[in-house]
Amino acid sequence: MASPWKHPDSGIYYLRVGVPKDIRDQIGKSVIKYSLFTRDLIEAKRLFASGYADTQALFQQARDKVTLSTKDIEALAQRWLQTTVDDMEDVGDFENYLVGFDTEGYADASSFIADALEGGYKSQLRMVQSHVDMILEENNVLLTEGSDEYRALTERICWRFMELSKIAEDRFYGNWKSSPELAPRLSEHRLSTEKATQDYKPLKEIIESFTKYKTDRGE
């Protein structure tokens, strides 16, 4: 099996996995590469195993042409909102979600979001593309920018951003009673791309267990 690549100058390990030729157009690159942020080989092997499993699941998605349902898209938007609210509260950076900036200065962030929703996809994309791409990466979901599903998720994140801005305002003024309006069932919803069942362990879990076994043996 492939293994972590060590940078010759920094000594930091990286994941580098070649994308099969038949799905390079769908993935959008020929190599998936990112830092594992460690110089420890044992830790690098553990992180690599998890990341490698993610790449294989991504490749399978591309080959199976898995699509997301409306429920999947709403579940992703709700996951993003809950995670972002938690991070915002932990850091206490409420103003970042309250104020928007343009060439004329600053204004209420919710007004920028409302304008983006009225302005259509391109306006929405400028507002939340980094968030959309982040949630796709974190949930190991492959969507082509500009596709119907990507557009739908972009719009849903805009609506959730509006809700986030209101919660940020409450927190800024000391109101900690408000909370995201989340559907409990959707937090448990398994996406169409998440095919694991109770009958078998996911590939990622198998690789992690095997890596731990080898590490415990000092191999």
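This is a predicted model: local features need pLDDT of at least 70, side-chain atom pairs count only at pLDDT 80 or more; totals for chains, interfaces and linings use all residues.
Trainee: How do you know that the reach of α2 is close to what is expected for a helix?

Mentor: Helix α2 covers residues 41–64, which is 24 residues. The expected span is 1.5 Å times one less than the number of residues, and for α2 this comes to 34 Å. From the first C-alpha to the last, α2 reaches 34 Å.

Trainee: Which residues of α2 are buried?

Mentor: The buried residues of α2 include A44, F48, Y52, L58 and F59, and also S50, T55 and Q61. To be called buried, a residue must have under 20% relative accessible area.

Trainee: What makes a set of residues a nonpolar core, and how many residues has the largest one here?

Mentor: The members must be buried, come from a list of nonpolar residue types, and be joined through side-chain atoms within 4.5 Å. The largest such set has 32 residues, and L153 and L164 have the most contacts inside it. The elements giving two or more residues to this core are α3 (70–91), α4 (109–119), α5 (121–138) and α6 (148–172). Apart from it lies another core, of 15 residues, with L15, V17, A44 and Y52 among them.

Trainee: With what is L164 in contact, leaving aside its neighbours within four places in sequence?

Mentor: With W80, L81, T84, V85, M88 and Y97.

Trainee: Why are the buried residues of α4 said to line one face of the helix?

Mentor: First name them: A109, F112, I113, A116 and L117 are buried. Seen down the axis of α4, the buried residues fall within an arc of 140°, and therefore they line one face. The face turned away from the buried side carries the exposed residues D115 and E118. After α4 comes G120, with a positive phi near 95°.

Trainee: Why is the pair E74 and R156 called a salt bridge?

Mentor: The closest N and O atoms of E74 and R156 are 2.8 Å apart. The cut-off is 4 Å between a side-chain nitrogen of Lys or Arg and a carboxyl oxygen of Asp or Glu, so the pair E74 and R156 qualifies. E74 lies in helix α3 and R156 in helix α6, so the bridge ties together parts that are 82 residues apart in sequence. The structure holds seven salt bridges.

Trainee: Are E74 and R156 buried or partly exposed?

Mentor: E74 has 15% relative accessibility, so it counts as buried. R156 is at 28% and therefore counts as partly exposed.

Trainee: What makes R171 and E89 a salt bridge, and which helices hold them?

Mentor: The closest N and O atoms of R171 and E89 are 2.8 Å apart, against the cut-off of 4 Å. R171 is in helix α6 and E89 in helix α3, 82 residues apart, and the pair thus links distant parts of the chain. At 5% relative accessibility R171 counts as buried, whereas E89, with a relative accessible area of 24%, is partly exposed.

Trainee: How many residues apart are E163 and R160 in helix α6?

Mentor: They are three residues apart, and so about one helical turn separates them. E163 forms a salt bridge with R160, the closest N and O atoms being 2.6 Å apart. E74, R156, R160 and E163 are linked in a network of salt bridges.

Trainee: Why is R160 called buried, and with what is it in contact?

Mentor: R160 has 8% relative accessibility, and the cut-off for buried is under 20%. Leaving aside neighbours within four places in sequence, R160 is in contact with E74, A77, Q78, W80, L81 and E181. A polar atom of the R160 side chain lies 3.3 Å from the backbone oxygen of E181.

Trainee: Where is E194, and why is it called partly exposed?

Mentor: E194 is in the loop between α7 (184–187) and α8 (203–216). Its relative accessibility is 25%, and partly exposed lies between the buried limit of 20% and the exposed limit of 50%. Beyond its neighbours within four places in sequence, E194 is in contact with R79 and H189.

Key: Residues are numbered from 1 along each chain as its sequence is written. Side-chain values use heavy atoms; hydrogens and water are left out. Buried means under 20% relative accessible area, exposed over 50%, partly exposed in between (1.4 Å probe, protein chains only). Helices (H or I, at least four residues) and strands (E, at least two) are DSSP runs, numbered from the N terminus. Contact means heavy atoms within 4.5 Å. The arc is that of the directions from the helix axis to the C-beta atoms. A polar contact is a pair of N or O atoms within 3.5 Å; within protein, one must be able to donate a hydrogen and the other to accept it, and residues adjacent in sequence count only if both atoms are side-chain atoms.
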